[in-house]
Amino acid sequence: MDRTQPKTGEDGVKDKTAGEAVHLRREIGLLSAVSFIIGTVVGSGIFIAPKGVLMNSGSVGLSLLMWALCGILSLCGALCYAELGTTFTKSGGHYTYLLETFGPMPAFLRLWAEFLFIRPAVASYVSLAFGRYVVEPFFAPCPAPMVLIKLVSILGVTFVVAINCWSVTMASRTQVTLTFIKMFALVLIIIPGVIALAKGKTDNFQNGFEVDALTLDKLPLAFYNGLYAYGGWFYLNFITEEVINPNRNIPLAISSSMVTVTVLYVLVNLAYYTMMTPAEILFSDAVAVTFAQKALQGLAPVIPFLVSLSCLGALNGGFFSSPRMLFVGAREGHWPPIFSMIHIRRQTPLPAVLLLYPLVVFMLITGETYQLLNFASFARWFFIALATLGMIIHRYRYPLLPRPFKVPLVIAVTFTVVCFFIVGLSLYSDPWNTGRSFALTLTGVPVYFVTVYRFRLPHRWARFLNYCSKQLQILLEVALQEVQTY
């Protein structure tokens with residue numbers, strides 16, 4: 001079911017110029033691409049996840065090593081995705097690469113998992129962090145009402161959705177602005193920590209590499225906490241068709257962004273451990289706020305505000321990129337056609353963006369976010385490992401295919417093996433959540449065979465769905481893409 005759109009000059013588009021035709025435009029330059037990656041990666045994770053990494057690694061030295069290893073692993077994965085993004089010029093990220101290397105069913109299952117639980121869970125988690133950091137300072141030291149936190153979280157999601165529906169340029173500029181703000185927040189944490197370390201404050205680093213508390217079953221959980229904080233390096237690949245000069249800008253943006261984030265994250269954790277004891281970090285629900293109360297007393301009230309803006313930037317990056325996967329999936333015939341349509345004036349994938357909104361709001365209201373987030377990581381990393389395995393296989397199948405950027409084979413193999421090892425180890429350390437993740441993902445198999453492989457819906461249902469699609473198209477003022485952008 002290939003729904004590839006006609007090129008300019010066909011099917012009544014010949015009288016339109018490229019500027020008038022309905023299509024996603026290339027508006028993401030190098031600065032926007034770098035800001036997009038850093039702004040999406042640096043969310044709530046670095047301000048919260050240190051507790052989880054320390055808890056599961058067992059010592060200060062091992063947790064710092066874990067942060068560095070997670071950064072290196074993420075950089076290796078990002079370089080693999082730089083090759084995939086320049087080899088396959090379609091947007092869609094994981095979905096597109098699985099489609100090109102393993103075929104339609106794994107690609108559909110990735111799409112299904114993304115919108116069934118991965119994206120709503122991650123977006124709900126980040127938006128709740130945003131709401132908590134906005135509301136709690138007004139109620140301290142008393143606990144803030146959960147209803148108010150959820151209401152502010154929904155307002156944050158609504159704001160981000162509105163921006164992404166309104167304009168690609170506005171969403172891009174918002175991301176650049178929020179990225180500079182969160183970089184300022186990280187530097188604000190690093191400076192007092194480095195100064196204290198230079199003055200000889202090294203008490204918390206004594207016996208830093210005690211391995212007694214480290215167990216094999218906790219190792220993947222420590223990695224998952226660290227990798228969650230680095231999550232987002234793959235989002236630029238979701239919008240390949242909107243990046244200016246992608247063969248140059250995608251590898252440059254990915255490599256420079258991930259090196260920057262890794263250095264910043266290690267320095268931030270170094271600052272945390274310089275100013276706080278391991279017990280204080282484990283006791284704290286918001287490590288950055290506890291750090292500010294000890295090291296930045298005059299600026300302590302500012303930190304929650306900066307963290308909330310950081311969460312908003314990560315939320316904006318997620319809502320900018322994930323709908324492009326749905327958009328491409330619908331264009332390939334793996335999702336209803338309405339989601340492959342673009343607003344005729346705003347040039348944004350309006351239906352795809354709007355679909356995420358009720359899913360995230362529903363998850364926020366029902367409060368299932370944390371439970372789903374535990375196994376969303378497993379499904380996400382399994383499919384990432386599958387995509388890079390597909391890249392290695394694709395190299396040998398098509399050795400003469402032009403690859404503008406080619407990652408060394410040893411990096412691709414190492415990343416793939418480590419990812420599968422972490423995913424496999426989680427079967428041992430957390431079989432319940434891992435099993436449920438598998439089960440939820442596999443619910444897409446019958447859906448694939450009924451709606452994609454062989455369309456078996458009754459004729460009346462199909463006619464009703466077509467009618468609804470037409471009415472939605474009129475209501476939302478959207479149309480199919482008129483220019484092939486890949």
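Which elements each supply at least two residues of the lining of the largest cavity? They are α1 (30-41), α6, α9 and α13.

**Before selecting anything**

This is a predicted model, in which local features need pLDDT of at least 70 and side-chain atom pairs count only at pLDDT 80 or more, while totals for chains, interfaces and linings use all residues. Residues are numbered from 1 along each chain as its sequence is written, and side-chain values use heavy atoms, with hydrogens and water left out. Helices (H or I, at least four residues) and strands (E, at least two) are DSSP runs, numbered from the N terminus.

**Stop 1: helix α13**

Select residues 302-331. This is helix α13, with 30 residues, and from its first C-alpha to its last it reaches 45 Å, close to the 44 Å expected at 1.5 Å a residue. The expected span is 1.5 Å times one less than the number of residues in the helix. Of the 30 residues of α13, 28 are buried. Buried means under 20% relative accessible area, exposed means over 50%, and partly exposed is in between (1.4 Å probe, protein chains only). Just after α13, select Gly333, which takes a positive phi of about 90°.

**Stop 2: salt bridges**

Side chains of opposite charge can pair when their charged atoms come close. A salt bridge here is a side-chain nitrogen of Lys or Arg within 4 Å of a carboxyl oxygen of Asp or Glu. The count by this rule is 11.

Select Glu241 and Arg331, whose side chains meet in a salt bridge at 2.7 Å, N to O. Glu241 lies in the loop between α9 (219-230) and α10 (246-275) and Arg331 in helix α13, so this pair ties together parts that are 90 residues apart in sequence. Glu241 counts as buried at 1% relative accessibility, and Arg331 counts as buried at 2%.

Next, select Lys294 and Glu280. Their side chains form a salt bridge at 3.2 Å, N to O. Lys294 is in helix α12 (residues 287-295) and Glu280 in helix α11 (residues 278-283), so the pair joins parts that are 14 residues apart in sequence. Lys294 is partly exposed, with a relative accessible area of 39%, and Glu280 is partly exposed at 29%.

Then select Glu477 and Arg345, where the closest N and O atoms of the salt bridge are 2.8 Å apart. This pair links distant parts of the chain, 132 residues apart: Glu477 is in the loop between α19 (459-476) and β2 (478-480), and Arg345 is in the loop between β1 (341-343) and α14 (350-366). Arg345 counts as exposed at 54% relative accessibility, while Glu477 is partly exposed at 32%.

**Stop 3**

Most residues other than glycine have a negative phi. Keep Glu477 selected: its phi is positive, about 60°, although Glu477 is not a glycine. Gln347 sits in the loop between β1 and α14 and counts as buried at 11% relative accessibility.

**Stop 4: the largest pocket**

A pocket and a cavity are both found on a 1 Å grid over the protein atoms alone: a cavity is a set of points where a 1.4 Å probe fits but cannot get out, a pocket is an open set with protein on both sides within 12 Å along at least five of seven lines, and lining residues have an atom within 4 Å of a point. Grid points are joined across faces, edges and corners, and a volume is the space filled by probe spheres set on the points.

The largest pocket has a volume of about 1400 Å³. Select Ile48, Tyr125, Ser284, Asp285 and Ala286, the closest to its centre of the 45 residues that line this pocket. Helix α6 gives the most to the lining, with eight residues. By class, the lining has 27 nonpolar, 12 polar and six charged residues. Ala, Val, Leu, Ile, Met, Phe, Trp, Tyr, Cys and Pro count as nonpolar, Asp, Glu, Lys and Arg as charged, and the others, Gly among them, as polar.

**Stop 5: the largest cavity**

The structure holds four cavities of 30 Å³ or more. The largest cavity contains about 200 Å³ of space. Select Thr40, Val122, Val126, Gly231 and Ala314, the closest to its centre of the 19 lining residues. The lining of the largest cavity divides into 10 nonpolar, seven polar and two charged residues.
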